[in-house]
Amino acid sequence: MIYSLIYFIHAAFVLSQLLSEKHFGTKFAKISVDKAKFFVAKLKIQVLPAVFCFVKGVVVDRIIGFDELGNSDSFPTSVLEQRLISNGVIAGKQKTKSASNSILGPKKLGSDDSSDDDN
């Protein structure tokens with residue numbers, strides 16, 4: 001069976017790198033919206049990121065923006081991974097180890113944005 005995932009980007013999203021390293025059975029491709037205006041118009045993409053999931057050449061899922069992934073650009077990669085597993089685009093089970101990574105890449109040590117100070 002042929003599985004593929006195409007996502008449209010405008011910045012340094014690392015979605016393909018994070019998941020493609022773990023899921024060799026799925027082809028990952030990223031397309032810059034600036035270089036693929038035909039596809040952007042044909043697929044009526046207005047919000048980024050836009051992720052299209054295919055099985056045997058047929059779209060089985062679309063993820064538009066961050067609304068369905070926690071409404072934040074720093075959602076855990078495991079949320080997206082579980083969505084792709086549930087739609088049959090990637091194989092496997094959700095792994096808790098990937099939960100510390102976000103679509104923008106792994107968290108850097110010492111860059112914790114939360115503050116315990118209420119002063």
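Which residue in β2 does Tyr7 stand opposite? Tyr7 stands opposite Lys30 in β2. Strands here are DSSP runs of E with at least two residues, helices are runs of H or I with at least four residues, and both are numbered from the N terminus.

**Basis of the model**

The structure is a predicted model, in which local features need pLDDT of at least 70 and side-chain atom pairs count only at pLDDT 80 or more, while totals for chains, interfaces and linings use all residues. Residues are numbered from 1 along each chain as its sequence is written, and side-chain values use heavy atoms, with hydrogens and water left out.

The pLDDT, the predictor's confidence in each residue on a scale from 0 to 100, averages 75 over the protein, and 71% of the residues score at least 70. Over residues 94-100 the pLDDT is below 50, yet this stretch has 13 contacts in the model beyond near neighbours in sequence; a contact means heavy atoms within 4.5 Å. Residues 108-119 also stay under 50 in pLDDT, and for them the model has zero contacts beyond four places in sequence.

**Overall architecture**

The protein contains three helices and six strands, arranged from the N terminus as β-α-β-α-β-β-α-β-β. Among contacts between residues at least 6 apart in sequence, 52% join residues at least 24 apart. Of the 119 residues, 37% count as buried, where buried means under 20% relative accessible area, exposed over 50% and partly exposed in between (1.4 Å probe, protein chains only). The protein exposes about 7,900 Å², of which carbon and sulfur atoms supply 53%; the areas come from the Shrake-Rupley method with a 1.4 Å probe.

**Strand β1 and its partners**

Five of the seven residues of β1 are buried, so this strand is largely enclosed by the rest of the structure. Two strands pair if DSSP finds at least two bridges between them. Seven bridges join β1 to β2 (residues 26-32) in the parallel sense, whereas β1 and β3 pair in the antiparallel sense over six bridges. Within β3, Ala50 is the bridge partner of Phe8.

Ile2 lies in the segment before β1 (3-9). Beyond residues up to four places away in sequence, Ile2 touches Phe54, Val55 and Lys56.

A nonpolar core is a set of buried Ala, Val, Leu, Ile, Met, Phe, Trp, Tyr and Cys residues joined through side-chain atoms within 4.5 Å. The largest has 16 residues, and those with the most contacts inside it are Leu5, Val51, Cys53, Ile63, Leu80 and Leu84. β1, β3 (50-55) and α3 are the elements that give two or more residues to this core. A second, separate core of seven residues includes Phe8, Val33, Ala50 and Phe52.

Helix α3 (residues 77-86) is mostly covered, with seven of its 10 residues buried; among them are Leu80 and Leu84. Just after α3, Gly88 takes a positive phi of about 80 degrees.

**Accessible side chains**

| Residue | Relative accessible area | Class |
|---|---|---|
| Ile2 | 55% | exposed |
| Phe38 | 59% | exposed |
| Phe39 | 43% | partly exposed |

Rings of Phe, Tyr and Trp (its six-membered ring) pair if their centres lie within 6.5 Å; planes under 30 degrees apart count as stacked, over 60 as edge-to-face and the rest as tilted. By this rule there is one aromatic pair. The rings of Phe38 and Phe39 have centres 5.6 Å apart and planes at 65 degrees, so the pair is edge-to-face.
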